Each structure stands twice: as C-alpha cells, then as structure tokens.
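Me: I would like to go through this structure by question and answer. Please start with the terms and then turn to the contacts.

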Amino acid sequence: MAESKTNAMRILDRMKIRYDVHEYPHGDGPVDALTVAQLTGQDPAKVFKTLVTKGHSNNYFVFVLPAGAELDLKKAAKSVGEKSVEMIHVSEINKITGYIRGGCSPVGMKKQFVTVFAEEALTQDTIYVSGGRIGCQIEAAPKELISAVRGNTSDIIRK
C-alpha cells in the first residue's frame, strides 16, 4: 500500500469509490504510460495516461486515453465544443494541475477541468491511472473514475 495518500486517493476515499494502489519502481524522472504498463505487468490497453490541453477559448481540458494511443486533437476539440485544443507545455503542468509530469492524475487537480476519457475505457472492467505521484497507479472501475471527475467519454483517439 502507498506510504501516504495522494490528493487523488483522498478524493476517491471521500466519494467511497473502491480502488487499488499499485506501486512501481522508478527513478527521479517521469515514466511514460507504456513503460508504466511494462513495470506493473499490465496490458497497455488498461493503463491510461492523462493529457492536459488548452482550448481556443483559453480554457483547460483533460483527456485520459490508453497508454499506446495518440490523442486526436481535432476529435478532442470537438468532444469539448472547442474550435481547437493544443497540448500544454510540460513546464506548465504543475502550475495548472498541482501535479508533476509523470504523476498527473485526472482525479484531484487544483481545479475541476472538463475531463474526457477515451470511450475505450468502458471496454475494461478496471483501468489504471496515475495515483498522483510518480511510481503510483490507481486501479478502479472506469465508470467510477469518470463519475469522480464528472467526466464523460468520447472518440478522441487518432486511428
């Protein structure tokens, strides 16, 4: 079990959402989602990464998609009613979300941003997302995670 609860875990606890914590070995730097899948021995289709974008309106949007998938910016923009969205610069992640690169969870950011999960999340019984720090993943039912962030699902993956 994790040595200390992250903001994401405290929020899930408060909402009475069941989750499991999975720790994995890591160095000081961020680890990409495919590597996390490998380190945790999980199918990359179950390990989801969290991407933060900025829309044409200057609002921020969060997209959660499988480790090996690529975000389709046009589909992502359409899913949130924006003209366009672009990835934020890595140096902005902490300021905007309160998390660091490689430990950015869709749950428990500084503000509740519009969050969209790839519709593929619903094909899994559980999915893994960052637990809020490098070396920590949270496994939970996708519908529970989506409800925790008041999110929705859409076709956002580049095919």
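Reply: Contact means heavy atoms within 4.5 Å. Helices (H or I, at least four residues) and strands (E, at least two) are DSSP runs, numbered from the N terminus. The model is predicted: local features need pLDDT of at least 70 and side-chain atom pairs count only at pLDDT 80 or more, while totals for chains, interfaces and linings use all residues. Residues are numbered from 1 along each chain as its sequence is written, and side-chain values use heavy atoms, with hydrogens and water left out.

Me: Which elements are included in what covers the buried residues of H1?
Reply: Buried means under 20% relative accessible area, exposed over 50% and partly exposed in between (1.4 Å probe, protein chains only). In helix H1 (residues 7-14) the buried residues are Ala-8, Met-9, Ile-11 and Leu-12. They fall within an arc of 160 degrees seen down the axis, so they line one face of the helix; the arc is that of the directions from the helix axis to the C-beta atoms. Their cover includes strand E1 (20-23), strand E7 (136-140) and helix H5 (142-148).

Me: What is the order of the open sheet of 5 strands?
Reply: Two strands pair if DSSP finds at least two bridges between them. E2 and E3 pair in the antiparallel sense over 7 bridges, E2 and E4 in the antiparallel sense over 3 bridges, and E5 and E8 in the parallel sense over 3 bridges. The pairing in the open sheet is mixed, and the order is E4-E2-E3-E5-E8.

Me: Which are the edge strands?
Reply: An edge strand here pairs on one side only. In one of the pairings, Gly-55 has Val-85 in E4 as its bridge partner; in another, Val-116 stands opposite Asn-152 in E8. The edge strands are E4 (85-87) and E8 (152-154).

Me: Which residue in the turn between E2 and E3 has a positive phi?
Reply: Strand E2 (residues 48-55) has 6 of its 8 residues buried, so it is largely enclosed by the rest of the structure. Thr-50 stands opposite Val-64 in E3. The two strands form a hairpin with 4 residues between them, and the residue with a positive phi of about 75 degrees is Asn-58.

Me: What is the geometry of the ring pair of Tyr-60 and Phe-113?
Reply: Rings of Phe, Tyr and Trp (its six-membered ring) pair if their centres lie within 6.5 Å; planes under 30 degrees apart count as stacked, over 60 as edge-to-face and the rest as tilted. By this rule the count comes to 1 aromatic pair. The centres of Tyr-60 and Phe-113 are 5.8 Å apart and the planes are at 70 degrees, so the pair is edge-to-face.

Me: Is Lys-46 buried or exposed?
Reply: A salt bridge is a side-chain nitrogen of Lys or Arg within 4 Å of a carboxyl oxygen of Asp or Glu, and the count comes to 8. Lys-46 meets Asp-125 in one of them, at 2.9 Å, N to O. Asp-125 is exposed at 58% relative accessibility. Lys-46, at 13%, counts as buried.

Me: Which residues do salt bridges that share partners join into one network?
Reply: Lys-159 forms a salt bridge with Asp-155, the closest N and O atoms being 3.5 Å apart. Lys-159 is exposed at 68%, and Asp-155 is partly exposed at 29%. The network consists of Lys-75, Glu-120, Asp-155 and Lys-159.
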